[in-house]
Every structure is written in structure tokens, then in C-alpha cells.
Amino acid sequence: MELVTVATFLVAGAASLFMAWAIGAGSSGSTPFAPAVGANAIAVMRAGLIVGVLGFLGAVLQGANVTEAVGTQLVGGVTLTAGAAIVALLTAAALVAVGVFAGYPIATAFTVTGAVVGVGLAMGGDPAWAKYAEIVTLWVLTPFVGGGIAFGAARLLITDRLPERPLTAGMAAVVGVVLANIGFALLGPEGESGSVAGVLGPKLGLEQVTGVALGGTLVTLGVAALVGLVVYLDLGRDREGGQRRFLLVMGALVAFSAGGSQVGLAIGPLVPLLGDDVPLTAVLAGGGFGLLVGSWTGAPRMIKALAQDYASMGPRRSIAALIPSFAIAQTAVAFGIPVSFNEIIVSAIVGAGYAAGEAGVSRKKMLYTVLAWVASLTLAFVLGYGIYSIGDWLLL
């Protein structure tokens, strides 16, 4: 019996690593630098290498929230078994892998969520309606919010209504606001995360005013001003070079965020199996390594597809696409909501692409992508439920 148990856990671990590879190749590894590649700011292979390392760091430093949500909050009343985890992970990974090799970005969050919910309900679990409401709300709003902000930002950058240099610096300052308030495992107490504003703010010794922490607010404004100033000065020295550098920094931030969000989709189903025996940090590192390998070996194909097939964009529209992508990704990480990076990036790319007219946006590709998202969620749920039910029936 012990040998069977060990073998089952090994298979579950292998399925998790395969899922991590598929995510690294098709979601977290391909989407963050796709706009930068499309703008000719970085080569495809170099982008794949860099995004792998940043994704690993994001997985370790920010991956806990989504990991716990996927493992324990999608179905109530039951705990995923090793067999259920294997079925869910292999089902989702197979669908994502098909998308990687076919050149279509399957929404990883859709496949994993559908598969986990499917096997959980097949086990007799109860639907977690409150969590589903959070997830669906973010999924539905992402194309409109991300695409809308990207469209508006791109329109401002490519027209002459406002001076480009201070406008770009102002957008960089907004990024600084987000940076000051996102959580990192290294900054918080054990088992929790902390932000730069949350850690440094109280040290200023300022009182709260009407519920607002003045210390944290001042730190946030300071970080925003510093980031905006750096970008402003850089653009003053070399406008085109400054745009490319800002674009690459945004790609790096999105890649880091992708690791923090997507690793939970690979290792979340394993959490109920491990209990307190294995530190979550070690599991996150293992999942991050799978993302890294996937980014290095499989991401270049999808980077090319995203960079060239959806919209042809320069640095300014690419920057406009990455800013809302970073903000949405960090929102998902903070609330522990599994979100598809393909949905985030594709929506932002399309929104920024439309800012210069419809010529640069492929409607056919958009339609196929949306259909693939819906089909992947439905198919993952049906396969997860069906395969687990059949397996459970055969073992009776």
C-alpha cells in the first residue's frame, strides 16, 4: 500500500510539473514580452530566456495566494485526492499543450479552473458560488477594463493632444503606485506578504486620518514620483531608447506577475495532498522551475504568434498594453483569483491595436481565440468530471 501511495504522489507531482511546463510555454512564458517583441524591442529567444527567470522569481515571491485558492477554495465539502489532482492537472495540461503546438493561446486559468471544479463536483463536493462570482467577474471585466485602458492610453500616446514625454512619465508614475503596494513574501511575516508602502509607511510615525494611513500614502507617492522622474529624464536623453527601456521594464514586471499568478494553476491541486509536511515555499519553487523550463523550451512559438498575429504595434502602443496588464495581474494575485494571462494580454493588445484603427488587428484571430477560451473551460470541466467519474466507477 505504501508503494502505491508513493507512486500515486509521484505521478501527481509529474502531472503538476507537466502543467507548469505547459503554462510556461503557453501563458506566463509567452504573453509578457509579446508586445515588446512585436515592437522589435527584444528578440524572441532572449525574451523567452528572461521571462523564464522572472516567472520563477514571481512564483516564489507572490504565488501563495492563487495556489491556495486553486487548491482549497474552488469546491467545498471535499478535499482533492491524489487521483483527483492527477485527473485535473493532466486534463488541463493536455488542453494547454494542444494550444501551444497549434499556435492558439488557450486560457490556462479556464482549463485548470474547469478541470478542478469538474473533478471536485464528481467527488461529491459543493459549488463555491462566492468564489465563482469573484472569478467570473474578473474574467468578464478583464477584456473591457484592460482593453479599454490600453485603447485610451494608446490614443493619448499616438496623438498630439498632450506632450508625449510628461504623459509617458505620468503613466510610469501610475506603475510606481502599483509597485509600492503589491505584496512580496520577503517583506511580510512568515506565511504572509508585505508591500513596500506597508512596511515603510508605519516607520514614518504618522497618524491615520479618516482611516487613511498617511505614512503608506507618502511612501506610495514617493515611489510614484521617483519612477516617473526616472522615465522622464530617460526620455529626455533618448526618446526612442527611453521608450524601449520602459517597454522592457513593463514586460519584466508583467513576467514577474505572471509567475505569481500562474504557478498556482500548476501546483494548487497538490496543496491538499501535502498538508504541513512540505513548506509551501518549496512547492512554489518547484512550480516556478517548471514555468522556467516551459518558457525556455516552448514559449518562443507563442511569443511570435502573439506578437505578430493579433496586432502590429510600436513601442508606445505596446507600453499602453502592458500597463493595464500589470495592474490586472497584480489585482488577481492580491485577491487570489486564477486569471488567464492570455486573456489579459490579448485584450490589451487588441485594445491598443484599435487605437490606430482596425488595420492592425486580426478579427479572425480574435474570434478563434475567444471561441478557444470558452471551449477550453467547457471541455476541461466535462473531461474532468467525466474522467474522474468513470475512474471512480471502475475502481468500485
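**Figure 1. Contact between helices α11 and α14 in the predicted model.** Gln-243, Phe-246, Leu-247, Met-250, Gly-251, Leu-253, Val-254, Ser-257, Gly-260 and Ser-261 of α11 are in contact with Pro-315, Arg-316, Ser-318, Ile-319, Leu-322, Ile-323, Ser-325, Phe-326, Ala-329, Gln-330 and Val-333 of α14. By class, these residues comprise twelve nonpolar, eight polar and one charged. The two helices, α11 and α14, pack at an angle of about 25°, and their axes lie 9 Å apart. Because this angle is under 35 degrees, α11 runs roughly parallel to α14. The crossing of α11 and α14 is left-handed.

**Figure 2. The whole protein chain, for orientation.** The protein chain holds 16 helices and four strands. Of its 396 residues, 52% are buried. Among contacts with a separation of 6 or more, 83% are between residues 24 or more positions apart.

**Figure 3. Helix α14 and its end.** Helix α14 covers residues 315–335. At 1.5 Å a residue, its 21 residues should span 30 Å, and the C-alpha atoms at its ends are 31 Å apart, which agrees. Helix α14 is mostly covered, with 15 of its 21 residues buried. Just after α14, Gly-336 has a positive phi of about 65°.

**Figure 4. Ser-318 in helix α14.** Ser-318 is part of helix α14. Its relative accessibility is 0%, so Ser-318 counts as buried. Ser-318 and Ala-150 are 168 residues apart along the chain, and their C-alpha atoms are separated by 8.8 Å. Ser-318 is also one of the α14 residues that meet α11.

Figure 5. Phe-326, Ala-329, Gln-330 and Val-333 are among the α14 residues in the contact with α11.

Figure 6. With a relative accessibility of 7%, Ile-337 counts as buried. Apart from neighbours within four places in sequence, Ile-337 is in contact with Val-66, Lys-131, Glu-134, Ile-135, Leu-138 and Ala-332. Ile-337 and Ser-261 are 76 residues apart along the chain, with 8.2 Å between their C-alpha atoms.

**Figure 7. Packing of helices α10 and α11.** Helix α10 (residues 214–237) packs against helix α11 (residues 239–267) at an angle of about 140°, with the axes 5 Å apart. Val-231, Asp-234, Leu-235 and Arg-237 of α10 make the contact with Arg-239, Gly-242, Gln-243, Arg-245 and Phe-246 of α11. The residues in the contact of α10 with α11 fall into three nonpolar, two polar and four charged. The crossing of α10 and α11 is right-handed. On α11, Gln-243 and Phe-246 also take part in the contact with α14.

**Figure 8. Packing of helices α7 and α8.** Helix α7 (residues 129–158) and helix α8 (residues 164–181) have axes 9 Å apart and pack at an angle of about 155°. Since that angle is over 145 degrees, α7 is roughly antiparallel to α8. The α7 and α8 helices cross in a left-handed sense. Ala-153, Leu-156 and Leu-157 of α7 meet Leu-167, Thr-168 and Met-171 of α8. The contact of α7 with α8 has five nonpolar residues, one polar residue and no charged residues.

**Figure 9. Leu-204 in the loop between α9 and β3.** Leu-204 sits in the loop that connects α9 (196–200) and β3 (208–209). Its relative accessible area is 45%, so Leu-204 is partly exposed. Neighbours within four places in sequence aside, Leu-204 is in contact with Gly-215, Leu-218 and Val-219. Leu-204 and Gly-216 are twelve residues apart in sequence, and the distance from C-alpha to C-alpha is 8.6 Å.

How values were computed
Residues are numbered from 1 along each chain as its sequence is written. This is a predicted model: local features need pLDDT of at least 70, side-chain atom pairs count only at pLDDT 80 or more; totals for chains, interfaces and linings use all residues. Side-chain values use heavy atoms; hydrogens and water are left out. Axes are lines fitted to C-alpha atoms, for helices over the stretch in contact, and angles run from 0 to 180 degrees between N-to-C directions. Angles under 35 degrees count as roughly parallel, over 145 as roughly antiparallel, 65 to 115 as roughly perpendicular and the rest as oblique. A crossing is left-handed if the near helix is turned anticlockwise from the far one by less than a right angle, and right-handed if clockwise. Contact means heavy atoms within 4.5 Å. Ala, Val, Leu, Ile, Met, Phe, Trp, Tyr, Cys and Pro count as nonpolar, Asp, Glu, Lys and Arg as charged, and the others, Gly among them, as polar. The expected span of a helix is 1.5 Å times one less than its number of residues. Buried means under 20% relative accessible area, exposed over 50%, partly exposed in between (1.4 Å probe, protein chains only).
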